[in-house]
Every structure is written in C-alpha cells, then in structure tokens.
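The sequence and the structure are shown first.

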Amino acid sequence: MHELSIAHSLLSIIERSVPSGNKGTVTEVHLDVGTLSAIELDALVFSFDIIKDKTISSKANLIINSIQGKGKCRSCGSVFPIDKFGEACPECNSFSIDILQGKELKITSISIED
Ligand SMILES: [Zn+2]
C-alpha cells in the first residue's frame, strides 16, 4: 500500500523536524494534500495511526487540508478545477493542459505540546 510508505516518510520527517532534546509530544501535523496526488486520505490516516505507536508522534493527529487540483489550458488559457489527469479543457476540449496545483504533499506545520 502506497499510503503506508507515505506515512513512514511523514513520521521520519516529523522526527527530524522536532529539535533534539525537546521532550514534548507531537499533537497535530498539518498537511497539504493535492487532489491529484493519488493519495487516499482515509488510507493515509489509517496507516499513520497504525505505525505512529511508540514514536514521538504517538499522540499526533493528521490534519489534512485538501488542495483542489487546478489546470490551465495551453490552447485557450482558461483555468479550471480538475480532479484527475487526462481531463480535457471544458472550454475548448484541448488536452494540452498545465497542472497549476493539486500534486502537492507537504507538511505545513507541526504542533508540539509539553
Ligand atoms: Zn481550452
């Protein structure tokens, strides 16, 4: 499962982000996840909850901010929401589209409580 390996990466990023010597507990991890990133959010949260045990993130909740995919047509220049790759421009039906956003997967903030 692809989400499990992402959850492992998140855990190691969190561990590296918390200053050494900090004895606090990670309570919240905020993520931006694009709708084009091909990540099942439920599966990601599920995987994270399974593997976070016995890490500094054992009490952490993932707070996911979904980023709507957006494309720009190279033919007519219109900008429109897209939910998957390979969609045509709604204005001119061109398939020549630049993805403006929606592929992101990043941690935007980590909350630590003493
Ligand atoms: Zn177009």
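In this predicted model, Ala-7 is in contact with Leu-44, Ser-47, Phe-48 and Ile-51, when its neighbours within four places in sequence are left aside. Ala-7 also belongs to the largest nonpolar core, which has 13 residues. Ala-7, Leu-10, Ile-14, Val-29 and Phe-48 are the members with the most contacts inside this core. At least two residues of the core come from each of α1 (2–17), β1 and α2. The greatest contribution is that of α1, which supplies five residues. As a general background, nonpolar side chains in soluble globular proteins tend to be buried together.

The loop between β1 (25–34) and α2 (41–51) contains Ala-38, and Ile-39 is also found in the loop between β1 and α2. Is Ile-39 buried, partly exposed or exposed? Ile-39 counts as partly exposed because it has 18 C-beta neighbours inside 10 Å, and the partly exposed class lies between 12 or fewer for exposed and 20 or more for buried. Apart from neighbours within four places in sequence, the contacts of Ile-39 are Glu-3, Ile-6, Val-33, Leu-44 and Leu-105. By comparison, the C-alpha atoms of Ile-39 and Ser-96 are separated by 24 Å, and these residues are 57 apart along the chain.

Attention now turns to the backbone angle phi. Most residues other than glycine have a negative phi. Ala-38 is not a glycine, yet its phi is positive. Lys-54, in the loop between α2 and β2 (61–67), likewise has a positive phi and is a residue other than glycine. The table lists the values for these two residues.

| Residue | Phi | C-beta neighbours within 10 Å |
|---|---|---|
| Ala-38 | about 60° | 12 C-beta neighbours |

Ala-38 counts as exposed because its number of C-beta neighbours inside 10 Å is 12, and the limit for an exposed residue is 12 or fewer.

Strand β3 (residues 70–73) and β5 run antiparallel and are joined by four bridges. Within β5, Ile-99 stands opposite Gly-71.

Methods: Residues are numbered from 1 along each chain as its sequence is written. This is a predicted model: local features need pLDDT of at least 70, side-chain atom pairs count only at pLDDT 80 or more; totals for chains, interfaces and linings use all residues. A nonpolar core is a set of buried Ala, Val, Leu, Ile, Met, Phe, Trp, Tyr and Cys residues joined through C-beta atoms within 7 Å. Two residues are in contact if their C-beta atoms, placed from the backbone, lie within 7 Å. Two strands pair if DSSP finds at least two bridges between them.
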